[in-house]
Amino acid sequence: MELHNLTELEILALSAEVNVADGHPRQRLTESQRAIVGKFPELFALAAGVPFEALETRAQRSYMDAVQQAAAPVGSGRIFSGYASSVCIDAVARCLSESAPRVGLIHPTFDNIPDLLKAWSVQLVPVDEDQMDASGIERAGGGDLDAVFVTTPNNPTGRVVGEAALADIAQYCAARDMVLVIDTSFRGFDVRAQYDTYELLDATGVDYAVIEDTGKLWPASELKLGMVATSERTRLQLERAMTDILLSVSPFVCLFVDALARDAADGGFEQLHRLVADNRERVRNGLRDAPNASVVETDTRVSVERIKLADGVSAALLWEQLRSRGVHVLPCGQFHWARPGDGDCFIRIALGREPEMIERAIAEIRHSLETAPELAMQSTA
Ligand SMILES: Cc1ncc(COP(=O)(O)O)c(C=O)c1O
């Protein structure tokens, strides 16, 4: 199989009958979310009548409150909004290429992060997720690095860098005048990632950029905000990089995000967390005794789940076989951006779906796993 990037594989899944490939939310709207959508004409009219800055600030405040980020610098001119978090990652990549071009990047992680960084000629050094602390960064070549880039909770593993570990990393970076970049796109799923990151980072004096994302949470037809916040003192010219891309996000989307974030804080997150946890149980129970695969019994809470394949079974080949039956998952080789072969023993299943979709996917995956001899070929990843 030609090694496509993960988004290319997700695009193939968009029109498929069974799509558990992308981590974008595709479950049905909840009742209160439907009520918000019912108010679209009202929101649209309001969006035209209120100054943009007020709308953007409101959306940012509501989102940051929903994920417990009281110290986020809302209203200070230090948070920039984009149409998607990838826009923010791209802007950060440009700034890193200008002022901090040697970056230690968590491994594995979603491949558009290394791809965007590499597109700006940033030099990447992998830091294993298991080693993501000050001594691990040092061992990975810390002395030669200008920046560290962490995804927490991570995609696809769901691993969270806890408060003490992040403080350790931030102090390490601050002491060496390194930039710390954190992608928190999945933090809405996991309260363990909702300690006040900004308070912690500000206390260390580190030069930081934090990427936030509303796009993984609510089935909002891709109406979402990416955000990137910086420390007060920073060498990253983010305002320049973001304003080279856009004038503003949609004021209507700001109002929509504001309403969704308030709803999330008012019980919506509990509902979402329940859906994801129940779907995870469906996947684990449905595949626990499947041939040629095993459940990865971690305490992850993000909206994706990995399944480990038996020795010699290739995720890339399983993906191909499932695809031929109209069923789309993600093979995990590409997440392991420095060593794709390390990830070819995992597939990833998206959990932001209705239970019936998950059940169909499980049945198809079981069926394909039973034909594993055909899949036990050398991976191309
Ligand atoms: C950790 C992480 N950050 C950013 C992105 C990019 O999100 P978007 O496609 O909405 O720009 C993804 C995509 O899956 C991701 O996993």
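Trainee: Why does H328 count as buried?

Mentor: Good place to begin, and keep in mind that this is a predicted model. H328 has 4% relative accessibility, and buried means under 20%, so H328 counts as buried. As for its place in the fold, H328 lies in strand β11, residues 327–328.

Trainee: Which residues does H328 touch, leaving out those up to four places away in sequence?

Mentor: They are L9, L12, A13, A16, V18, N19, V20, A21 and R323.

Trainee: What makes a group of residues a nonpolar core?

Mentor: The members must be buried residues of types such as Ala, Val and Leu, joined through side-chain atoms within 4.5 Å. The largest such core here has 123 residues, and L96, L180, L201 and L238 touch the most other members. Helix α11 (residues 251–287) gives the largest share of this core, 14 residues. In soluble globular proteins, nonpolar side chains tend to be buried together.

Trainee: What is L201 in contact with, beyond its neighbours within four places in sequence?

Mentor: L201 is in contact with L166, A170, L180, I182, V206, Y208 and V210.

Trainee: How do you know that β6 and β7 pair?

Mentor: Pairing takes at least two bridges. Strand β6 (residues 179–183) and strand β7 (residues 207–213) have five bridges, in the parallel sense, so by that cut-off they pair. One example is V179, whose bridge partner in β7 is D207.

Trainee: And what is the strand order of the open sheet?

Mentor: Its seven strands run β2-β8-β7-β6-β5-β3-β4, with mixed pairing. What makes β2 (79–82) and β4 (123–128) edge strands is that each pairs on one side only. On average, neighbouring strands of this sheet are turned by 20 degrees against each other, direction ignored.

Trainee: Which helix packs on the sheet by touching β2, β7 and β8?

Mentor: That is helix α4 (residues 52–66), whose direction makes about 100 degrees with that of β2. Helix α5 (residues 85–99) lies across β2, β3, β5, β6, β7 and β8, running at about 160 degrees to β7.

Trainee: How much space lies in the largest pocket?

Mentor: About 430 Å³. There are 25 residues lining this pocket, and the closest to its centre are E10, H24, S86, F110 and K216.

Trainee: Which helices each supply at least two residues of that lining?

Mentor: Those are α1 (6–13), α5 and α6 (112–119).

Note on methods:
Residues are numbered from 1 along each chain as its sequence is written. This is a predicted model: local features need pLDDT of at least 70, side-chain atom pairs count only at pLDDT 80 or more; totals for chains, interfaces and linings use all residues. Side-chain values use heavy atoms; hydrogens and water are left out. Buried means under 20% relative accessible area, exposed over 50%, partly exposed in between (1.4 Å probe, protein chains only). Helices (H or I, at least four residues) and strands (E, at least two) are DSSP runs, numbered from the N terminus. Contact means heavy atoms within 4.5 Å. Axes are lines fitted to C-alpha atoms, for helices over the stretch in contact, and angles run from 0 to 180 degrees between N-to-C directions. On a 1 Å grid over the protein atoms alone, a cavity is a set of points where a 1.4 Å probe fits but cannot get out, and a pocket is an open set with protein on both sides within 12 Å along at least five of seven lines; lining residues have an atom within 4 Å of a point. Grid points are joined across faces, edges and corners, and a volume is the space filled by probe spheres set on the points.
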